[in-house]
Amino acid sequence: MAKICVITGGTSGIGKCTAEAMAHRGYTVYELSRREEGLPGMFHIPTDVTDPDACQRAIDEVVSQAGRIDVMINNAGFGISGAIEFTPVGQAKRQFDVNFFGMVNMNRAVIPVMRAQRSGRIVNLSSVAGAIPIPFQAFYSASKAAINSYTMALANEIKPFGVQVCCVQPGDIRTGFTAARQKIAVGDDIYGGRISRSVAGMEQDERTGMKPEDAGAFVCHVATRRGIRPINTIGLSYKFFCVLQKLLPAKTLNWLVGMVYAR
């Protein structure tokens, strides 16, 4: 029988490419998003990950149809940018509600299923920005750093039940994520144009970044390979940056990041 994969944010970008890669690997894929229509050849369940009840209903529906869940991929998310002091608190909370607590809601629903099975793998989508915080994208970076900490803690908590947990850190990927970013330009004159320059530089890197198909293939590999590492970074250059993050003094690292993204 085919194994069962559930993925959030599965109708576009990295999520879409991951869903397609998992289906190609032979998994039956249930993709969840707020859209009413899903991808051809997959089961689509309209779901808002910020609604805990909706997440529970989606997992219950998968289990009622398939009987089990082998892989849960938490991919749903979006980005905001702007100066910390001018970012409305409501928008910052929304960032966490989707990127972090959306993942929490899905995992609260799926963990009892996997615990009862004594098997399963949870893959949370983080970001290199979670390891190396980006100025003028502080709340996005913080939401992804929270995912890293949560992932490592959860991995130890549910390991005795045969459930594995890890996260994936993408870098710059060419997807609709760039155009969908919610940009807060308030205060750019006060900051001497540094907000707009920083975001423009980041978005240029994204538009020339890795193909989403390659990122999706990487996430699929992490979700299905035999061994597991708690944190997995996509791309050699980003792996190098994450190694630097561990080796360099925080002052030196932050100076380097500031030279690139805060000038």
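Let us start at the end of a helix: H4 is followed by Arg118, whose phi is positive, near 65°. Helices here are DSSP runs of H or I with at least four residues, strands are runs of E with at least two, and both are numbered from the N terminus. Most residues other than glycine have a negative phi, and Arg118 is a residue other than glycine with a positive value. Arg118 lies in the loop between H4 and strand S6 (120-125). With a relative accessible area of 49%, Arg118 is partly exposed. That term covers the range between buried (under 20% relative accessible area) and exposed (over 50%), found with a 1.4 Å probe and protein chains only.

Before going on, a word about what you are looking at. This is a predicted model, in which local features need pLDDT of at least 70 and side-chain atom pairs count only at pLDDT 80 or more, while totals for chains, interfaces and linings use all residues. Residues are numbered from 1 along each chain as its sequence is written, and side-chain values use heavy atoms, with hydrogens and water left out.

Now step back into H4 itself. This helix covers residues 101-117, 17 residues in all, and reaches 24 Å from its first C-alpha to its last, close to the 24 Å expected. The expected span is 1.5 Å times one less than the number of residues. Along the way there is a kink of about 35° at Val110, shortly before the proline Pro112. The bend at a residue is the angle between axes fitted to the seven residues ending there and the seven starting there.

Asn105 is buried, with a relative accessible area of 13%.

Is Phe136 buried or exposed? Its relative accessible area is 8%, so Phe136 is buried.

Thr233 is buried, with a relative accessible area of 9%. Its side chain makes a polar contact of 2.9 Å with the side chain of Gln169. A polar contact is a pair of N or O atoms within 3.5 Å; within protein, one must be able to donate a hydrogen and the other to accept it, and residues adjacent in sequence count only if both atoms are side-chain atoms. Leaving aside neighbours within four places in sequence, the contacts of Thr233 also include Val128, Phe218 and Tyr238.

Asn254, in helix H11 (residues 250-261), is exposed, with a relative accessible area of 53%. The C-alpha atoms of Asn254 and Pro133 are separated by 8.5 Å, although these residues are 121 residues apart along the chain.

Finally, take in the whole protein chain. Its secondary structure comes to 11 helices and 9 strands. The radius of gyration is 18 Å, close to the 18 Å that the globule rule gives for 263 residues, so the chain is as compact as a globular protein of that length. This radius is taken over C-alpha atoms, and the rule is 2.2 Å times the number of residues to the power 0.38. Of the 263 residues, 50% count as buried.

Conventions: Contact = heavy atoms within 4.5 Å.
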